[in-house]
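Here is a chain to explore by question and answer. Take a look at it before reading on.

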Amino acid sequence: MWSFLTPRSLAGQVFLLQLVVVLLLIATAVVVLVLQDRNRAIREAGDQSLAVAETFANAPGTAAAMKSKDPTAALQPHAEVVRNKTGVDYVVALSPYGFRWTHPDPDKIGKHVSPSYGEALTGQPHQTTFDSSLGKAVDSTVAVFDEKGDAVGLITVGVTVDKVAGMVQHQLPVIYAAGGVALLLAGGGSALVSARLRRQTAGLGPVEMTRMYEHHDAVLHAVREGVIILDGDGRLLLVNDEARRLLALPPQAEGRPVTDLGLSPTLAALLGSGREATDKVFLAGDILLAVNVRPVGPKGGSVATLRDTTELRALAGRADVAGGRLRLLYEASTRIGTTLDMKRTAEELAEVAVPRFADFATIEMDESVLHGGEPTGASTDLHRIAVEGIRDDAPLRPVGTRMHYVPGNPVAIAMGTGRPALLEHLATADGWRAQDPERARRIIEYGIHSMISVPLQARGQLLGVVEFWRSEQDPFEPDDLSPAEELAARAAVCIDNARRYTREHITAVTLQRSLLPGVLPELSALEVGHRYLPAQAGVGGDWYDVIPLPGARVALVVGDVVGHGLHAAATMGRLRTAVHNFAALDLPPEEILGHLDDLITRIDEDSAAEAITGATCLYAVYDPVTGRCVVARAGHPGPALVAPDGTVTFPDIPVAPPLGVGAGLPVETAELRLAADSRLVLYTDGLIEARGRDIDVGFGMLRDALADTRGATPDDTCQAVLDAMLRTGSSDDVALLVARTRLLDPDQVAEWEVPHDPAAVARIRAEATDRLEAWGVGEAAFTTELILSELVTNAIRYGESPIRLRLLRDGDSLICEVADGTSTSPHLRRAASTDEGGRGLFLVAQMSRRWGTRYTDRGKIIWAEQDLDAGASGDLGALLLAEL
């Protein structure tokens with residue numbers, strides 16, 4: 001503000017003085033107008049209040065109203081009407097003694113006022129000016145006389161001065177406009193004066209001009225850049241010391257044409273023309289100049305700057321090389337190791353190096369490293385896994401070649417020492433050419449002239465070697481060894497990570513494959529097709545199984561352990577083993593799932609490092625005799641059922657919580673009746689669930705895929721479903737099991753109701769023998785008679801009704817089942833030589849392939865399965881004699 005009020009230029013001082021004068025004139029005019037308006041307003045307020053008071057006092061009826069019994073009731077309405085219409089502030093009627101009959105504020109009616117109305121009672125109007133709460137006001141008081149000339153009351157009217165003021169408000173814009181015009185005229189005059197002075201002195205005084213010249217002259221000659229100023233005719237007006245040195249100008253160069261200064265013709269022509277130029281390079285003696293020219297001034301002329309770029313060019317070249325290497329290493333850090341595949345990592349190394357660092361790149365790896373093993377480092381036999389180049393016709397060995405480097409080869413030496421080998425000129429590298437003279441000749445004739453070989457090392461172990469080759473670029477130099485080693489080191493770490501992942505992945509896959517069933521059993525009840533697809537991220541816990549059960553029945557199992565990796569695969573193996581053990585006890589599906597739930601809970605409790613957090617399972621038991629299929633599931637997707645006519649349904653199976661989180665809740669089952677040639681499809685959630693796809697869409701896709709497989713085999717059905725559902729792969733592993741049902745021929749089943757009478761055993765035995773003869777297996781009659789006699793006799797002796805016998809012929813097996821109404825189970829024991837009994841069940845076990853007990857809702861079934869192909873009944877006598 002102080003600098004604004006004290007301008008340094010003459011024009012500014014003149015303008016400031018004019019501004020002060022104009023402001024004083026405006027202020028004086030405003031004050032005079034305000035005073036005049038105030039006096040005029042007071043006079044007008046007095047005239048208005050007096051006129052209203054006299055008019056109201058002389059109005060007909062005013063005197064009569066004042067002499068009435070209630071003057072307030074008669075006068076108050078008229079007083080308010082007059083006040084509102086005339087715009088005065090109040091109209092008050094007073095008694096001769098000073099008591100109010102009317103007032104705008106009813107609370108003040110009847111109150112006494114000060115005796116300032118005495119003059120009015122004599123007949124002379126009385127006016128007073130006073131300061132009210134609303135500002136300065138004028139009050140006029142007149143008396144009201146009756147017909148006798150007696151004063152019967154007073155009328156007082158008051159008006160504030162502000163209501164009649166306003167002249168100043170109307171005249172102020174005119175005053176301000178006049179002042180503004182005066183200011184504009186003063187400012188315009190000052191601007192004209194300032195412009196003239198600015199053209200002559202650039203707005204500066206003599207002291208400032210001198211100081212500015214000294215500063216500019218010092219800077220002009222101190223900078224490390226040549227400066228030349230020329231006029232429109234190409235004459236040299238000003239030149240600094242640096243320009244004299246760079247151009248070797250004569251002492252008296254100013255004022256001479258630039259073409260007469262002994263410069264190169266091209267440089268002189270550019271400076272003399274005044275054309276704009278940016279970083280034009282010229283040779284002045286031994287100096288490389290960068291010249292910039294800019295035209296200036298309305299009369300022509302130009303300014304040229306000169307820079308010595310001789311050293312800068314050399315530094316820039318080295319900086320470009322260093323920057324290129326940094327960019328190469330940065331790109332290597334982002335592009336190498338994007339996957340955990342060793343071959344792909346090697347290809348990424350070659351792609352990064354070509355063509356920015358080399359024209360060709362080849363990579364060889366140790367054979368054991370490629371399979372995930374630890375590198376031995378003792379052999380120079382390598383396997384080439386990647387080749388990259390600017391052309392495809394180079395005579396380098398292709399991918400897949402086994403490379404053996406002789407001891408004198410520089411590559412072998414580099415592998416032994418762990419240091420890179422540089423061959424600047426392959427034509428003179430005898431050790432390299434001795435490896436394969438014919439191929440070396442072809443490589444050199446092709447144009448490849450230089451090579452760097454760098455070992456790929458990680459954690460101090462040799463994984464392989466990479467060779468960088470050049471044909472069109474300049475030969476490799478010692479400075480190229482550092483980026484080559486850096487590239488190899490980055491790639492070696494990624495390759496080693498991929499190797500370790502490969503080893504763990506192979507171990508996990510091997511473990512998982514060993515835990516899954518290899519070859520499923522051949523069954524007369526079902527024709528089975530199956531598929532297992534591991535997840536893209538690694539092994540998982542999905543599994544399936546087909547377990548033969550007594551009585552030609554079959555158990556179908558599909559499960560999924562939460563998570564991936566070795567822990568999930570190992571837990572899957574434990575579950576599969578447990579299912580086999582529970583199935584061997586011939587437990588119903590709901591009990592098996594209950595036991596699995598307890599097992600998963602114990603596994604979670606015992607696992608200190610990693611919890612399973614649950615698993616899912618579906619367990620189904622199919623009986624080919626009745627076509628009955630009992631299904632139970634714990635947190636697992638329900639099965640799909642394809643009818644013989646191709647209709648696809650999803651049966652409603654009650655779902656229990658996943659294994660490990662069921663908290664002991666009971667598992668419900670569903671019973672399905674499957675016709676022959678039906679297909680039961682069991683699967684894990686990886687088949688129907690996918691990222692970005694609703695599960696209902698997955699079920700719809702599965703329905704459509706199965707509908708298109710009418711008449712297909714189970715194996716073909718599996719392939720068709722996978723092709724339709726997993727076109728782009730799956731992030732989760734998938735297990736799929738398709739079982740086509742069969743029903744046993746009723747002629748292959750024989751049943752008898754056995755009376756609770758030991759005498760019935762002979763009849764049952766005879767009828768069973770007849771049935772065996774009808775089946776064409778009469779040679780097994782003796783053994784069968786012994787088995788069913790023992791089982792039926794034990795049921796009659798120790799069991800309860802009802803007792804039933806059933807014979808099943810299933811391929812090469814003959815199954816004898818005896819059911820009774822008790823749940824007591826017999827136990828096999830070896831009888832002593834002095835015991836009279838206890839050998840019957842032992843003989844049954846010896847004469848049958850296997851035997852056992854399973855429980856039903858109404859009792860138990862004891863069964864024995866014979867091998868019809870083994871049946872030599874003569875062995876029984878030897879067995880009896882040996883026991884006796």
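**Questions on a predicted model**

Leu 17 lies in helix α2, which covers residues 10-57. The model is predicted.

Reader: Is Leu 17 buried or exposed?
Author: Leu 17 sits in helix α2. A residue counts as exposed over 50% relative accessible area. Leu 17 has a relative accessible area of 57%, so the residue is exposed.

Reader: Which residues make a nonpolar surface patch of about 300 Å²?
Author: Leu 17 is one of them. Its relative accessible area is 57%. The patch is made by Leu 17, Val 21 and Leu 25.

Reader: How many of the residues of the chain, in percent, count as buried?
Author: Buried means under 20% relative accessible area. The chain has 884 residues. It holds 24 helices and 31 strands. The buried share is 44%.

Reader: Which are the edge strands of the open sheet of five strands?
Author: The order in this sheet is β6-β5-β9-β8-β7, with antiparallel pairing. An edge strand pairs on one side only. The edge strands are β6 (236-239) and β7 (277-284).

Reader: What is the average twist from one strand to the next in that sheet?
Author: The sheet is open and has five strands. From one strand to the next, the twist averages 25°.

Reader: Which residue in β6 is the bridge partner of Leu 230?
Author: Strand β5 covers residues 226-230. Three bridges join β5 to β6, and the two run antiparallel. In β6, the partner of Leu 230 is Leu 236.

Reader: Which residue in β12 does Leu 382 stand opposite?
Author: Strand β11 (residues 381-389) pairs with β10 (residues 360-366) over seven antiparallel bridges. In that pairing, Met 365 has His 383 as its bridge partner. β11 also pairs with β12 (residues 402-404), antiparallel over three bridges. There, Leu 382 stands opposite Met 403.

Reader: How many residues apart are Arg 742 and Glu 527?
Author: Their side chains meet in a salt bridge, 4.0 Å from N to O. Arg 742 is in the loop between β26 (734-741) and β27 (749-754), while Glu 527 is in strand β16 (residues 526-533). The pair links distant parts of the chain, 215 residues apart.

Reader: Why does Glu 527 count as partly exposed?
Author: Partly exposed lies between the buried limit, under 20%, and the exposed limit, over 50%. Glu 527 counts as partly exposed because its relative accessibility is 29%.

Reader: Which parts does the salt bridge of Arg 531 with Asp 715 tie together?
Author: The closest N and O atoms of this pair are 2.8 Å apart. The partners are 184 residues apart in sequence. Arg 531 lies in one part and Asp 715 in the other, so the pair ties together strand β16 and helix α20 (residues 714-725).

Reader: Which residues do salt bridges that share partners join into one network?
Author: The structure holds 45 salt bridges. Some share partners. They join Glu 331, Arg 335, Lys 343, Arg 344, Glu 347, Glu 348, Glu 351 and Arg 356.

Definitions and conventions: Residues numbered from 1 in each chain as written. Predicted model: local features only at pLDDT ≥ 70, side-chain atom pairs only at ≥ 80, totals over all residues. Heavy atoms only, no water. Helix = DSSP H or I, 4+ residues; strand = E, 2+ residues; numbered from the N terminus. Buried < 20%, exposed > 50% of the residue type's maximum accessible area, 1.4 Å probe, protein only. Patch = residues over 30% accessible without salt bridge, like charges linked within 9 Å, V, L, I, M, F, W, Y side chains within 5 Å. Areas by Shrake-Rupley, 256 points an atom, 1.4 Å probe, with all protein chains shown as cover. Pairing = 2+ DSSP bridges. Axes fitted to C-alpha atoms, helices over the stretch in contact; angles between N-to-C directions.
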